[in-house]
Amino acid sequence: MLTDELVAKVHSVDTTALCDADKSMRVMDTGIRARSAEVRILGPAFTVRCRGDFFAVLRAIESAAPGDVIVVDGDGSEIAFAGEIFARGAQVRQLGGIIIDGGYRDIGYVRRCELPIYSRYITPMAGTTAQLGELQVPVTCGGVAVAPGDLILADEEGVIVIDPDRLEHLVDAATAVKDAEARVIAKLDAGATLSDAINVAAHTEALRNGERSSLKFLA
């Protein structure tokens, strides 16, 4: 459950720190790009699978709970599965965002929109409305698996998908990463070099000798 305390902790880190904390993190590919003025997302996935038809996206917006993030598996199709009207409708429903592996349109409005919106393409051509599609099923979006209820986090760096049961542990680990980075930044601001703050020499020597090693911040 996303308590207020946990939400505050999540907002104190970012996707880069979370990825540093877990190198197996599900990261949507870089083709999924922010289209809106607001980019930060934190909420459970409400999944949609549709092919060339956007009626399922409308059904999802009307079915999802406040805070849910609509995640659309559109098979990377270069048609628009949503536009200004759907964005406005999602805001009325107080949803957490829309992410579409496919197209979005009405970008003139979307660029000013406070609802976070991500898509693979921008296109004026919409699909049909003749198919129900599927709601709340496992999908693929941005090249990664997304299940209903998975947590979606997004910011200026990109979109990641997290098992809700692992969130608190990952946020604690990401907080440790941010704390370590802050110490390095303080050293650099004080005039230290990267080699003063990171084990560059020791790591280089270990790799030259064929030894296992990892790059680390120095205390």
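A pocket is an open set of points on a 1 Å grid over the protein atoms alone, with protein on both sides within 12 Å along at least five of seven lines. The model is predicted, with local features needing pLDDT of at least 70 and side-chain atom pairs counting only at pLDDT 80 or more, while totals for chains, interfaces and linings use all residues. Residues are numbered from 1 along each chain as its sequence is written, and side-chain values use heavy atoms, without hydrogens and water.

View A. Volume is the space filled by probe spheres set on grid points, which are joined across faces, edges and corners. Lining residues (an atom within 4 Å of a point) include Phe 54, Phe 81, Phe 86, Arg 105 and Asp 106.

**View B. The largest cavity has a volume of about 70 Å³.** A cavity is a set of grid points where a 1.4 Å probe fits but cannot get out. The structure holds one cavity of 30 Å³ or more. Val 10, His 11, Arg 40 and Asp 155 are among the residues that line the largest cavity. Strand S10 (151–155) is one of the elements giving two or more residues to this lining; its share, three residues, is the largest.

**View C. Helix H1 (residues 4–11) packs on helix H6 (residues 167–189) at an angle of about 40°, with axes 9 Å apart.** In contact (heavy atoms within 4.5 Å) are Leu 6, Lys 9 and Val 10 of H1 with Leu 167, Glu 168, Val 171 and Asp 172 of H6.

Note on methods: Axes fitted to C-alpha atoms, helices over the stretch in contact; angles between N-to-C directions. Helix = DSSP H or I, 4+ residues; strand = E, 2+ residues; numbered from the N terminus.
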